[in-house]
Amino acid sequence: MAPIGKTTGSSAVGSSQKASKGNSIRRSSSGSTGNRVKPANKGPQESSRISADAKKAEKPNAMAEGITKNWKAQGLETSEGNKLGKYQKTGEGTIEKELLKKGFTLKDIYTKDKQGRTLADQVAQANGIKNQKQIADGKELKLPQRPGAQGMSSADLKPNESKTIQAVNGNNSSEVTQKKDANGVTSTDNRTTSDGNSANVRQRTDGVATSSVAPVGSGTQSNTVQHSANREAADQTTVRGQNGEVGIDYKDIDGKKNSVAQRGEGGLQVTNPDGTGAGNQTTIPLGPQNGLENWAQKGDELAARFLPAGWVKPQQQIGGENPIGQIGSVDGVQRRDASSSYNLRQADGNVQQVGQTAAGPLLSVSQSLGNAWRGVKNFFGGGATNPNGGIPAEQIFAPSGAIL
C-alpha cells in the first residue's frame, strides 16, 4: 500500500523515451528537426485516497480510554488527579514507584500482555508520558490500583519521621511501618498475620524503600522494594498471609546476585552489598516471634534436658549456621505450628535450605494463648475486614501474570 499522500503507478509513466544510439536527433538548416522521437503520452496518474477515519480520528485518545476502561473491567480501581512531588534524580517520580505504591509487584509492573505492553507501558500511554523514569512535577495521573491498597515511599519521609500502612482481610492482616533516622537510614517492618500466625520481616537501607499493602484473594500482601543510596543494590521482598500461613519471597533484583545470608539474631539475615561497604539488609524471621514465645521455647529446651529422651522435643532451627553467598532469591513459608522452611537459591543453581521444626509443648501453649487473646481483641474491637471483600488474584491477572 502506498504511503498516505504519495502517488502510485509505474515509474515509466510521464517519462520520455530515450533515443537509441543509431536513431539520433537531426536538425535541418531551417531549424526544423528530423526523426524526432516523440515523448510518450502522459497517462492519468493514480491518486491516493485518505479515508475519513484516517483524516480525523473520532477519539484521538481512544487508546488511553481503552486502557483505563480495561483496568476497571478487571476490578482494578483507577486513581485520578494523583499529584506527584518534585522529581528527584534518585529515582522518585517514576511510573515504577507510583505503581509499587498502588499494591503491584515488579513482576506485575513489567510482565508483557498479549500486545507486548507492560503495565508501566500502559500507564505511560494512558497519561501521555514519554519517559517512564521522569514524571513532570505536578503531573496528574490515571493509575490502576489494587482495591484497598495503600502505599508509601521513604523518599517522602523527613528525618526522624515514620509512617504506617495496613490492610486487613478477614483473619489476615499486613502492616508496614517505615521510619527514617537522622542520618537518612530507613528501617522497614513488614508484619503479616494469618489466623494468629505472625511473622515480621525487618529491613534497612541507606537509600529509598517503597512499600505497599493490599488485600489479595482471601488474604493480604505486603511488598517492599529497596534501593541503596548509590543505586547499586536493589531487592524486593513480598510477604503474603493466607490460610494460616505466611509466605515470604526475597529477590536480589540488581542483577548481581551477590547477597549473603546467615542465621543470626532475629532470624535469617540477608545482606545485599552496594560496593561501598553499605547496602540493604533484610531479616527473615526464624523461631519464636515475641517475648512470651521466647520464654516458652526456653522452657521446652530446659525440659528436654531433664526429662527422659523423646518426651519433649523443643523447636530446632535447621541450616544457615555458616554464611551462604551468591544468593539470587529466598522463598519459603512459616506455618501455623511455627515450623518453616526456606530455599536459598544461589547464582550457580544450587539450593540451600534453612528453617525450623514444629513447636514444643510450652511454645504451642503460648501460641494458643496468643491466638485466644487476639480473638478477644478482634471480637470487642469489631474485627476489621476488607471492605472490598478481596478480589481473587486470578480475576485481576491474566494467565500470563500480566494485566490487560
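Okay, where is the place of leucine 157?

What we have here is a predicted model, where local features need pLDDT of at least 70, side-chain atom pairs count only at pLDDT 80 or more, and totals for chains, interfaces and linings use all residues. Residues are numbered from 1 along each chain as its sequence is written, and side-chain values use heavy atoms, with hydrogens and water left out.

The overall picture: the protein has eight helices and 20 strands. Those are DSSP runs numbered from the N terminus, with helices being H or I of at least four residues and strands being E of at least two. There are 404 residues, and 42% of them count as buried. Buried means under 20% relative accessible area, exposed means over 50%, and partly exposed is in between, using a 1.4 Å probe and protein chains only. When I say contact, I mean heavy atoms within 4.5 Å. If you take contacts between residues at least 6 apart in sequence, 56% of them join residues at least 24 apart.

Back to leucine 157. It sits in the loop between strand 5 (150–153) and strand 6 (162–169). Setting aside neighbours within four places in sequence, leucine 157 is in contact with Ser162, Lys163, Gln178, Lys179 and Lys180. Take that last one: leucine 157 and lysine 180 are 23 residues apart in sequence, and their C-alphas are 6.7 Å apart in space.

Now the helices. Start with helix 5, residues 119–127. Why call helix 5 largely enclosed by the rest of the structure? Because seven of its nine residues are buried. Those are Leu119, Ala120, Gln122, Val123, Ala124, Ala126 and Asn127. What they pack against is helix 2, helix 3, helix 4 and strand 4 (143–145).

In general, two packed helices are described by the angle between their axes and the distance between the axes. For helix 2 (residues 62–73) and helix 5, the angle is about 130 degrees and the axes are 8 Å apart. The axes are lines fitted to C-alpha atoms, for helices over the stretch in contact, and angles run from 0 to 180 degrees between N-to-C directions. So helix 2 is oblique to helix 5; under 35 degrees would be roughly parallel, over 145 roughly antiparallel, 65 to 115 roughly perpendicular, and the rest is oblique. On the helix 2 side you have Met63, Ala64, Ile67, Thr68 and Trp71, and they meet Leu119, Gln122, Val123, Gln125 and Ala126 in helix 5. By class, that contact has seven nonpolar, three polar and no charged residues. Here Ala, Val, Leu, Ile, Met, Phe, Trp, Tyr, Cys and Pro count as nonpolar, Asp, Glu, Lys and Arg as charged, and the others, Gly among them, as polar.

That leads to the cores. A nonpolar core is a set of buried Ala, Val, Leu, Ile, Met, Phe, Trp, Tyr and Cys residues joined through side-chain atoms within 4.5 Å. The largest one has 21 residues, and Trp71, Ile95, Leu99 and Ile109 touch the most other members. Helix 2, helix 3 (95–101), helix 4 (106–110) and helix 5 each give two or more residues to this core, and helix 5 supplies the largest share, five residues. Zooming in on leucine 99, and not counting residues up to four places away, it touches Phe104, Ile109, Leu119, Ala120, Val123, Leu143 and Pro144. Apart from this core lies another, of 17 residues, among them Val201, Ile324, Val330 and Val354.

Last stop, a couple of loops. Asparagine 243 lies between strand 12 (234–242) and strand 13 (245–252), and has a positive phi of about 55 degrees although it is not a glycine. Asparagine 243 is exposed, at 57% relative accessible area. Alanine 338, in the loop between strand 18 (324–334) and strand 19 (340–346), is also not a glycine but has a positive phi of about 75 degrees. Alanine 338 is buried, at 7% relative accessibility. Arginine 335 is in the loop between strand 18 and strand 19 too, and is partly exposed at 29%. Among its contacts beyond four places in sequence are Asn197, Gly244 and Glu245.
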